[in-house]
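Student: I should like to learn how to read a protein model. May we go through one together?

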Amino acid sequence: MTTRSRTLTITAAVATVFGLLTIVSGGRALFGGVDMGAAVPFVLWFNFLAGFAYVLAGIGLWRGAGWAPMLSLGIALATVAVFTAFLWHVVSGGAWEARTMGAMILRSSIWITIAALAFRGRRPH
């Protein structure tokens with residue numbers, strides 16, 4: 001296994017596992033009757049639904065699908081856009097949880113990294 005394919009395999013595994021964890025945690029937050037305090041609904045819904053795209057991107061990266069790097073980039077851009085909207089909500093005086101700030105920093109960082117690795121590791125044409 002080459003370094004490129006090993007990196008892409010690890011990247012795909014991270015994306016898939018992160019997606020499954022996101023679906024579970026988002027589902028609990030939205031449907032599990034857990035008191036989420038001052039969680040921001042649009043962020044919760046985005047993260048939950050994005051979890052399915054994370055899994056799809058991970059599977060696509062694992063299989064070497066040509067569309068997977070673009071999906072990874074789309075996820076990264078959408079995550080940064082939602083994070084920007086969340087920051088606007090915060091500076092506008094909206095209620096929020098500190099863990100949401102940390103989660104959005106983590107999600108943005110992970111998906112920017114996954115997208116970069118996906119493009120760097122894709123197969124030459």
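**Reading a helical chain**

Tutor: Read along the sequence, the protein chain follows the pattern α-α-α-α. This is a predicted model, in which local features need pLDDT of at least 70 and side-chain atom pairs count only at pLDDT 80 or more, while totals for chains, interfaces and linings use all residues. Residues are numbered from 1 along each chain as its sequence is written, and side-chain values use heavy atoms, with hydrogens and water left out.

Student: How many helices and strands does the secondary structure of the protein chain come to?

Tutor: Helices (H or I, at least four residues) and strands (E, at least two) are DSSP runs, numbered from the N terminus. Here there are four helices and zero strands. The C-alpha trace of the protein chain spans about 50 × 30 × 20 Å along its principal axes.

Student: How does one check the span of H2?

Tutor: The expected span of a helix is 1.5 Å times one less than its number of residues. The 23 residues of H2 should therefore span 33 Å, and its end C-alpha atoms are 34 Å apart, which agrees.

Student: Where does H2 bend?

Tutor: The bend at a residue is the angle between axes fitted to the seven residues ending there and the seven starting there. H2 bends by about 25 degrees at Gly51. After H2 comes Gly64, with a positive phi near 75 degrees, and just after H3, Gly93 has a positive phi of about 95 degrees.

Student: What share of the residues of the protein chain count as buried?

Tutor: Buried means under 20% relative accessible area, exposed over 50%, and partly exposed in between (1.4 Å probe, protein chains only). Of the 125 residues of the protein chain, 39% count as buried. In H2 the buried residues include Phe46, Ala50, Tyr54 and Leu61. An α-helix has 3.6 residues a turn, so residues three or four places apart point the same way.

Student: What covers the buried residues of H2?

Tutor: Contact means heavy atoms within 4.5 Å. The cover of H2 includes H1, helix H3 (68-91) and helix H4 (98-121). The buried residues of H3, among them Ile75, Thr79 and Phe83, pack against H2 and H4.

Student: Which residues form the nonpolar patch on the surface?

Tutor: Patches are made of residues with over 30% relative accessible area and no salt bridge: like charges are joined within 9 Å, nonpolar side chains (Val, Leu, Ile, Met, Phe, Trp, Tyr) within 5 Å. A salt bridge is a side-chain nitrogen of Lys or Arg within 4 Å of a carboxyl oxygen of Asp or Glu. Accessible areas come from the Shrake-Rupley method with a 1.4 Å probe; for residues, only the protein chains shown count as cover. Phe31, Trp45, Leu49 and Phe52 form the patch, with about 450 Å² of accessible area together. Helix H2 (residues 41-63) gives the most, with three residues. Phe31 lies in helix H1 (residues 3-31) and counts as exposed because its relative accessibility is 53%.
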